[in-house]
Amino acid sequence: MNMPDLQPLMPEIVFLGLALFVLLAELFIKSKETIGLMVIVSVAATAYMIPQSFGVTFSGMFISDGYSSFFKFIFLLNLILTILISIQYIQIERAEFGEYYTVLMFSTLGMMIMASAGDLIVLYLGLELMALSTYILAGFIRHDARSTESALKYFLLGAFSSAILLYGIMLLYGLTGTTDIMKLSSLLMKNGMRLQSIFAIVMVMVAFGFKIALVPFHMWAPDVYEGAPTSITAFMSVGPKAAGFAVIGRVFLTGLEGFSADWRLLLVVLSIATMAVGNIIAIQQHNLKRMLAYSSIAHAGYAVLGVIAGNTEGLSATMNYLLIYAFMNIGAFSVLVLLRNEQERIETLEQIKGLARNHPFASALMLIFMFSLTGIPPTAGFVGKFFLFRALVYSGYTWLAVVAVVFSAISAYFYLRVVMYMYMYEPEEGVTQDISTAAPLGLALLITSLMVIAIGIYPEPFVNFARLVVG
Amino acid sequence: MVPLNWYMWLGAVVFSVGMFGFLTRRNVIIMFLSIELMLNGVNISLVALSHYMQDLRGQVLTLFIIAVAAAEAAIGLAIVIAMFRNRQTVHVDEIKEMKG
């Protein structure tokens, strides 16, 4: 018996080993800063191994290529930023268990496996590893009813969507006799059972729709995002979403290419509904976490546009958008983490009234992230949307690009309202706007804000990099 | 020999019963049981397909589903217990602190 080639799997193996090491080390090392540093070193080691790991192994079940590597970098970046904003925050929330870091690493490992999945079985296992870890993280503040409630809702709907995904996988397996994503399309076409194939595709699409919170499968997102610890909300509004897109790109654009007319129609409907509901309901929200939850739903709707465009240009625009979204969204949540002090959670619009008087610097950062989320130049959000809409126009969906721009304009209302509350009101009586002074959190804010501006001013390297790895 | 169709129908019925239970019941434990029922509907179909096609992948996936369902049960019940300690209820209509 010959050994399978483990080279493409090396980053995951090393990352798993280091995650287990962190779990053990946490028994002996009490300083959470040290544990956080160990995680960051592990991430660096893994990131270093990714470019050397290209290849296909286990007879096509596991694929490491430019596409998967780009997503893995997003996941690792997401992990580093989450660790940086967590270290002091989980102490304030009194949820300071060392497992926090290990579970974050396992969740990231699940995402990495999803991005590399060449087979539906591997995809399912990666997805469950990611999802199960994220359920735990959402309920990490055990003594807080809101946190456990959010974990419960996330768990029930996540498990429900996995069951639907499995039914779709079962149908695809029954129709083709294989679970290899690369062979699905040709076998489905040869088989000729069109109606059954479309039914299977719809099931799979519904399941992924749950994962990336497309309307009408989004109803879990606002409650889960609001109740979960803020650092975890930042983590799961970027990571699992990007992982979902990695899988959608692989399964729909390669695996189910033969049915592109059908799933494209479905995605167009879903993306318009997602942008509409996300942007319009966000207007009514007074809780910032809830507002950002709806905003994250709307952003999933934008990112889907690149998949609808369906070519190299569109897919690379989606990937680029997800990278930019990681910076600006985690940045916005970092400001919320910054505002969490020992006495109270500052989460509503009323509480941030006049923040610019007390903390001009924190307000300026929030201003940058809100501009970027709206898509105002010279921030990164503008670049991301620009390339998405351009790809869409070039592949003949000009009307859809117009719809997206209209919804983007609507979104300006609730993003800029945050800025208005910070700059144009007097502070409320009795609200202590103390901010955290943790150095790691400052570092995370520095990285995210610099990147948001850097990508906004000089986007070429990032855009070209995304094009390179897809093409 | 029992035709494949019968197994597929059985799987579909078990899956649908689970889905119906998930959507109509309001006790968290029963909703959770319904999800397990959905998974078992998938398992029945997968094993039947695997047997009729003489291909092992379906059974491999079934084993993985059973293993993951066990992990899911552990985490799910842990979350339910944490919830119960905070709220003394397992009824989803009473778990509604966040709305909007």
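**Exercise 1. Ground rules and confidence**

*Solution.* 
- Step 1. Residues are numbered from 1 along each chain as its sequence is written, while chains are lettered from A and ligands numbered from 1 in the order in which they are written. This is a predicted model: local features need pLDDT of at least 70, side-chain atom pairs count only at pLDDT 80 or more, and totals for chains, interfaces and linings use all residues; side-chain values use heavy atoms, leaving out hydrogens and water.
- Step 2. The model scores ipTM 0.96 and pTM 0.95.
- Step 3. Chain B averages a pLDDT of 91, and 98% of the residues score at least 70. pLDDT is the predictor's confidence in each residue, from 0 to 100.

**Exercise 2. Salt bridges**

*Solution.* 
- Step 1. Over all chains, the structure holds 19 salt bridges. The criterion is a side-chain nitrogen of Lys or Arg within 4 Å of a carboxyl oxygen of Asp or Glu.
- Step 2. A:Glu93 and A:Arg340 meet in a salt bridge (2.7 Å, N to O). The pair is 247 residues apart: A:Glu93 is in the loop between helix H3 (66-92) and helix H4 (99-116), and A:Arg340 in the loop between helix H13 (312-339) and helix H14 (355-358).
- Step 3. A:Glu93 counts as buried because its relative accessibility is 3%. A:Arg340 is also buried, at 10%. The cut-offs: buried is under 20% relative accessible area, exposed over 50%, partly exposed in between (1.4 Å probe, protein chains only).
- Step 4. A:Arg345 forms a salt bridge with A:Asp144, the closest N and O atoms being 3.5 Å apart. This pair is 201 residues apart. A:Arg345 is partly exposed at 27%, whereas A:Asp144 is buried at 14%.
- Step 5. A:Arg467 pairs with A:Glu313 at 3.0 Å between the closest N and O atoms. A:Arg467 is in helix H19 (residues 460-470) and A:Glu313 in helix H13, 154 residues apart.
- Step 6. Salt bridges that share partners join a network whose members include A:Arg146, A:Glu149, A:Lys153 and B:Arg87.

**Exercise 3. Buried residues and the core**

Which residues touch the most other members of the largest nonpolar core?

*Solution.* 
- Step 1. The answer is A:Phe71, A:Trp263 and A:Met370, out of 211 residues in that core. A nonpolar core is a set of buried Ala, Val, Leu, Ile, Met, Phe, Trp, Tyr and Cys residues joined through side-chain atoms within 4.5 Å.
- Step 2. Leaving aside neighbours within four places in sequence, A:Phe71 contacts residues including A:Ala115, A:Phe245 and A:Met319.
- Step 3. A:Phe62 lies in strand E2 (residues 62-64) of chain A. A:Phe62 is buried at 4% relative accessibility. The C-alpha atoms of A:Phe62 and A:Gly118 are separated by 5.1 Å, though these residues are 56 apart along the chain.
- Step 4. A:Asp119 is in the loop between H4 and H5 of chain A, buried at 1% relative accessibility. Among the residues that A:Asp119 touches are A:Thr179, A:Asp180 and B:Arg57.

**Exercise 4. Positive phi**

*Solution.* 
- Step 1. Most residues other than glycine have a negative phi.
- Step 2. The residue is B:Gln88, found in the segment after helix H3 (57-87) of chain B. B:Gln88 is exposed, with a relative accessible area of 54%.
- Step 3. In chain A, A:Arg94 has a positive phi of about 50°. A:Arg94 lies in the loop between H3 and H4 and is exposed at 60%.

Methods
Contact means heavy atoms within 4.5 Å. Helices (H or I, at least four residues) and strands (E, at least two) are DSSP runs, numbered from the N terminus.
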